[in-house]
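Good morning, and thank you for coming. Please take a moment to look at the sequence and the structure, and then we shall go through some of the helix contacts together.

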Amino acid sequence: SGCFTYDPGFTSTASCESKITYIDGDKGILLYRGYPIDQLAENCTFLETAYLLLYGELPKAEQYEGLKERITKHTMVHEQMNRFYTGFRRDAHPMAVMVGVVGALSAFYHDSIDIKDPRQREMASIRMIAKMPTIAAMAYKYSVGQPFVYPKNDLDYSANFLRMCFAVPCEEYQVDPVLARAMRRIFILHADHEQNASTSTVRLAGSSGANPFACISAGIACLWGPAHGGANEAALTMLEEIGSVDRIPEYIKRAKDKNDSFRLMGFGHRVYKNYDPRAKIMQKTCHEVLDAVGHHDDPILKVAMELERIALSDDYFVQKKLYPNIDFYSGITLKALGFPTDMFTVLFAIARTVGWIAQWMEMIEDPSQRIGRPRQLYTGAPERAYVPVEAR
Ligand code: CMC
């Protein structure tokens with residue numbers, strides 16, 4: 001009873017009004033607060049982008065300095081949280097660690113979980129954006145059995161993260177500026193993408209009044225899935241499995257086969273029915289990083305470029321409008337930066353935390369906001385009477 005629309009996968013349901021991110025999937029356009037993604041990725045720092053997403057405008061110099069100062073004050077995590085890590089198996093997937101540790105922040109920061117208080121909301125946001133790289137780098141360090149590296153606050157957000165991941169005690173560590181720029185771009189490209197699955201999860205969790213740390217943890221859980229944030233890992237695994245250019249046709253054939261569940265990972269998108277604008281920047285960044293680390297002859301890059309070329313001229317992919325998405329080239333790039341595949345989605349989570357928080361803030365500040373409560377199309381048994389066990 002009642003009147004509602006059935007829309008599996010929410011392909012035509014707008015869940016909210018938003019002023020943050022605009023996508024035109026047919027034209028391949030992505031704007032953060034009106035600014036094209038390529039201009040931001042080329043010119044901004046990550047915290048400048050974060051300011052833009054959170055507050056709606058690019059920061060003036062003193063506003064930018066203010067945000068930087070607030071963020072750097074909060075980059076350390078509570079020392080007691082170190083013990084969390086040692087409670088996990090060392091071979092745990094770092095996304096499992098992220099879901100747990102970020103969720104646990106609400107057990108530590110009681111002074112920033114009252115969502116009715118704007119100052120507490122702001123404090124929770126700053127804390128999460130500041131701590132996410134530290135928490136992620138600790139997950140990585142724990143998995144490889146190395147000591148945690150504390151944040152170095154005179155470095156920029158991306159360079160500091162690389163250092164926390166790759167520096168070791170007693171050895172000088174210099175962040176390569178090409179790699180730091182690549183990391184910064186990757187973070188900017190992943191910072192927001194309107195109402196995708198994880199962002200919708202954060203909004204839905206937040207609509208009940210749940211605290212922001214718990215909401216972001218829910219977003220991380222959703223992001224982990226292979227159809228969402230896990231796709232960069234899946235794309236690289238696929239490229240490595242293909243291994244050489246001569247095996248591509250076999251995989252293209254499988255991807256087109258209706259009776260085979262195999263899909264070309266890193267291809268297709270729910271919204272982009274044209275080239276993903278982020279994929280273009282990612283491809284360029286990928287070449288720069290491979291050059292910087294001396295891997296320009298990487299056979300996997302050759303497979304990727306040839307696969308892209310073949311797919312883009314194949315009727316199946318053209319008709320279904322399946323273009324490479326951001327994840328197609330990000331896996332190769334992240335590998336060249338030195339990250340193991342199970343860290344890829346974690347890096348996505350660091351960046352997307354800014355978008356999740358901006359979206360969560362927008363929702364909480366919207367006076368028309370109500371608890372999210374979708375309906376269903378019931379297809380189960382009609383009403384029937386209980387049957388005692390001996391009579392079944
Ligand atoms: N390879 C082969 N065929 C595909 C692919 C692919 N990668 N993607 C879609 N198709 C086909 C699909 O079989 C279907 O064919 P038909 O109409 O004959 O049944 C048609 O294209 C439409 O696919 P869909 O699954 O209905 O489209 P969707 O909008 O529900 O799914 C998607 C979008 C991204 C989940 C899907 O394209 C996919 O699984 N791609 C591979 C995984 C991937 O790269 N994901 C990253 C997404 S971007 C980053 C992010 O948002 O986290």
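This is a predicted model: local features need pLDDT of at least 70, side-chain atom pairs count only at pLDDT 80 or more; totals for chains, interfaces and linings use all residues.

From H6, the residues Arg-121, Ser-125, Met-128, Ile-129, Met-132, Pro-133, Ala-136 and Ala-139 meet a set in H17 made up of Val-346, Ile-350, Thr-353, Val-354, Ile-357, Met-361 and Ile-364. By class, the residues of this contact between H6 and H17 are 12 nonpolar, two polar and one charged.

How are the two helices arranged? Two packed helices are described by the angle between their axes and the distance between the axes. For H6, which covers residues 118-144, and H17, the axes come within 9 Å and cross at roughly 170°. An angle over 145 degrees counts as roughly antiparallel, and H6 and H17 are therefore roughly antiparallel to each other.

Helix H17, residues 344-365, also packs with helix H10, residues 212-223. At what angle do H10 and H17 pack? The angle is about 135°, and the axes are 10 Å apart. H10 and H17 are therefore oblique to each other, and their crossing is right-handed. On the H10 side we find Pro-212, Cys-215, Ile-216, Gly-219, Ile-220 and Leu-223; they meet Thr-345, Phe-348, Ala-349, Arg-352, Thr-353, Trp-356 and Trp-360 in H17. This contact of H10 with H17 has nine nonpolar residues, three polar and one charged.

H10 has a further partner to consider, helix H5, residues 94-108. The axes of H5 and H10 are 7 Å apart, at an angle of about 170°, which makes H5 roughly antiparallel to H10. Met-95, Met-98, Val-99, Val-102, Gly-103, Leu-105 and Ser-106 of H5 meet Phe-213, Ala-214, Ile-216, Ser-217, Ile-220 and Ala-221 of H10. How many charged residues does the contact of H5 with H10 have? There are no charged residues in it, while 10 are nonpolar and three are polar.

I turn now to the ligand. It is surrounded by 19 residues, and the closest are Ala-231, Arg-263, Phe-267, Gly-268 and Arg-270. The shell around the ligand consists of eight nonpolar, seven polar and four charged residues.

Finally, the UniProt record. In an unreviewed entry, UniProt lists His-269 and Asp-327 under "active site". These two are spread over 59 residues of sequence, yet they cluster in space, with a largest C-alpha distance of 10.5 Å. His-269 itself lies in the loop between helix H12 (248-256) and helix H13 (277-292). Thank you for your attention.

Notes:
Residues are numbered from 1 along each chain as its sequence is written. A residue is near a molecule or strand if its C-beta atom, placed from the backbone, lies within 6 Å of it. Ala, Val, Leu, Ile, Met, Phe, Trp, Tyr, Cys and Pro count as nonpolar, Asp, Glu, Lys and Arg as charged, and the others, Gly among them, as polar. Axes are lines fitted to C-alpha atoms, for helices over the stretch in contact, and angles run from 0 to 180 degrees between N-to-C directions. Helices (H or I, at least four residues) and strands (E, at least two) are DSSP runs, numbered from the N terminus. Angles under 35 degrees count as roughly parallel, over 145 as roughly antiparallel, 65 to 115 as roughly perpendicular and the rest as oblique. A crossing is left-handed if the near helix is turned anticlockwise from the far one by less than a right angle, and right-handed if clockwise. Two residues are in contact if their C-beta atoms, placed from the backbone, lie within 7 Å. UniProt positions are given in the numbering used here, feature names are shortened, and annotations may be inferred rather than shown by experiment.
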